[in-house]
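Colleague: Can you walk me through this one? I have a few quick questions.

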Amino acid sequence: MVDKIIIENLSLQYSDGTESLRGISMGIREKAVTVLFGPAGGGKSTLLRCLNRLNDLTEVKASQGRILIDGENVLDPKTDVIALRRKVGIVFARPVVLPISIRQNLTYGLELAGEKRKSKLDDAVERSLKLAAIWDEVNERLDEPAIALSGGQQQRICLARVLALQPEIILLDEPTSGLDPISTGKVEAALLELKKEYTIVLVPHSIQQAGRTADFAAFFLQGELVEYDEGKAMFTTPKEKRTEDYITGRFG
Amino acid sequence: MEKTLNWREFIITRLIKASGYSAVVFVALIFFFLLREGLPALAEVPLSALFSIRWYPIEGNNFGILPLLTGSLIVTIGAALIAIPFGIGTAVYISEIAPRWMREILKPLVELLGGLPSVVLGFLGILVLAPFLRRFLDLPTGLTALTGSILLGGIAVPTIVSVAEDALDAVPRAYREGAWALGATRWQTIWRVTLPAARSGVLTGVMLGIGRAIGETMTVMMVTGNAPVLALSLGSLFSPVRTMTATIAAEMGEVSNGSTHYHVLFFIGLVLFLISLAVNVTASSVLFRAQKRAERILS
Amino acid sequence: MKRIFSLDRHLTERIGFSLITLMAFLTVVPIVATVIYILSKGGSAISWNFLTGFPSDGMRAGGILPAIVGTFYLTLGTAIFSVPLGIAAAIYLSEYASDNRWTRLIRIAIINLAGIPSVVYGLFGLGLFVLFLKIGTSILAASLTLSIMTLPVIISTAEESLRSVPQAFRTVSISLGATRWQTIRRIVLKEALPGILTGVILGLERAAGETAPILFTGAAFFLPRLPGSPFDATMALPYHLFVISTQVPDMPIQIQYGTALVLLAFVLTMNLIATFIRSRARARRQW
């Protein structure tokens, strides 16, 4: 069992100098669900967005450290960011479907990559919708606007959209925060299937979700990595007092 | 495939960035040309003569621009006195008082007024407004500063209404609800809470509207009588005047390239440019500063 | 005591509202009246001959075709120069520019361009295009002048339209491997297009009705033929109306109102098209 991502001593800063993350070092195991949890402002989302260089769009800069994915430092300026983003997909907290049809949402990334063959595109659409467990619900209306779907369905379309590009790593930033329990369940079930093939990094929107899904867990508090352990161990016998206080609800 | 994409995108991005700066280039260009053709006037006409009170360029080379300045001033002030109350009032009505369905009718209508060509307004001014004022106010002629002011007011109102209405609309609902919760009537809320909150936007609208009035050419040329007399008293409102803009438009066709008259007309253009520059820079800095203040308060 | 107090406030409100409502109607009614008035007075002059024939008898009879064609050419010329440049500048401001000193300079420049009197544009056009660049009094010189005048309107409305597209779309697009320009072309520009189009039409509508900028740069009063090249001068509706209503003795009133009506119809049609595009886009919006 190998680490797909290795984070070495990463520190992040905002443009005004305040620190977002301090000296983070951890590994993310391949083909497993790693959960980054902790109270708000801990730096979890920021870390997530570093992994596919989405932070390039914001005012956050890495002041030191490396992020190695398959041995290559993705923070290196020479990195092919476009290829990186196809390899490392992300699902956001609010479902954001593009103002186009369901089918077009799914083929968007592939068309950007230059894929024009209709057969390949149709295959990708069907494959990714099945992986996201939503094929049965939408296969009759692929050419309708994606905005017509419910929130839970839209979020699974966002997941399918990422899967269509056949990534190796999937990042999820509180993906079920706006969803009802049934939709949440469907998303979590999909993740448990997907982890057999993909490396998954999840920021959960509740401790309970973390407990349900984590193979590995990392507790972040105010920019610091406080503890890292296997999922079962973390949530039953945490080693640090701060972790235990947070898990048992003494602060949050 | 990726490489070609990058090359094409690089060129497109460069072109877009260059286009962004085009506005600055044009302003500089305009300023430069006005200087180039207008500054010689300062060399050819002594300053005292330039700011004298007789504008008779054809006979006797009298280039006193004061009558033109006062002409523009009196027409603009008159326009402002009409446009400000009506403009703000209409904006308040559309934003705070009118029912939804009426708002959908009124906004396009006011926008329509903003699109009416000034020459059409001037045309109606000559045929309808001027004779009306002549009979109604018992004047020797209907082509007066007042006629111009009324029409200019009509031209400035749409600008004031659209900017002020946007500003009023942008005032957070919470402000109004807070006032109502304290027992204020809707009327009191508008005047004591909403309007002051939108103060900077409304002011900007007023300044932009007045800026439009100062710069109007065709309407004033057609209805203000074109008599370059010094307009200093209230009575001047009811007699013919001449604005700077009308002077340029009327006389430019008859001057020979490079003559003193030609240079003086460009000089007047330069003065107009500087006036509008001052008005607009002030208006935008008021807006910028207010935006910063609003961001601080609301955050 | 309390009852008198509250009565007073409500009375003030009633009076105040009535006053404001009156003001609004006094502003709006003349607009409608103007349009109806011109329609009624000028309607009788409109005929096939009027719209497609040439003027005769020193403009006092015949048609106004050259003026109509001229206005059409000028509007087209203005569009050719101002639309691509204006939209590109708007894309820069909305998608690329950061919030620094230079960007503020650009914005101040745009506000200034918007406020420059139309006759000063005429002077500038005369100085630069007609004389310095030796293009002469022509459709080209007039179009270039009108373009610079129309630029700020197009830039402002286009930028506003681009900004209204939700930022989330851009983030999602980039996260799927798009470059910034691909995101703009495929998503942002596509969604902002109706708003941009509305702004373009409103800007061109204003250009079509302007007289002062074309006075010394391209307008002519009497031309025996239609313009054959961009380097020819041309007749134009606003200029034509101006001259026939102020400088031609014994000008039949009919023709004056008819010309005003044609110009008004031109402008109003553009306005209606713009409004139609705007409301249809709002209804079909997927966000």
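**Interfaces, sheet and helices**

Modeller: Start with the B–C interface: 68 residues of chain B are in contact with 67 residues of chain C. Contact means C-beta atoms, placed from the backbone, within 7 Å.

Colleague: What kind of model is it, and how are things numbered?

Modeller: The model is predicted: local features need pLDDT of at least 70, side-chain atom pairs count only at pLDDT 80 or more, and totals for chains, interfaces and linings use all residues. Residues are numbered from 1 along each chain as its sequence is written, and chains are lettered from A and ligands numbered from 1 in the order written.

Colleague: Switching topic. What is the strand order in the open sheet of chain A?

Modeller: β6-β7-β8-β3-β9-β10, six strands with mixed pairing. Helices (H or I, at least four residues) and strands (E, at least two) are DSSP runs, numbered from the N terminus. Pairing needs at least two DSSP bridges between two strands.

Colleague: Which strands stand at the edges?

Modeller: β6 (88–91) and β10 (224–230) of chain A. Each has a single partner strand, so one side of each is left without a neighbour in the sheet. The twist averages 15° from one strand to the next.

Colleague: How do β3 and β8 of chain A pair, parallel or antiparallel?

Modeller: Parallel, over three bridges, with β3 at residues 33–37 and β8 at 199–203. In β8(A), L202(A) is the bridge partner of V35(A).

Colleague: Next, α6 of chain A. Is it buried or exposed?

Modeller: Mostly covered: twelve of the 13 residues of α6(A) are buried. Buried means 20 or more other C-beta atoms within 10 Å of a residue's own; exposed means 12 or fewer, and partly exposed is in between, with C-beta atoms placed from the backbone. The buried residues of α6(A) include R156(A) and R161(A).

Colleague: What covers them?

Modeller: Among the covering elements of chain A are β6, α3 (102–112), α4 (118–131) and α7 (181–194).

Key
Contact = placed C-beta atoms within 7 Å. Axes fitted to C-alpha atoms, helices over the stretch in contact; angles between N-to-C directions.
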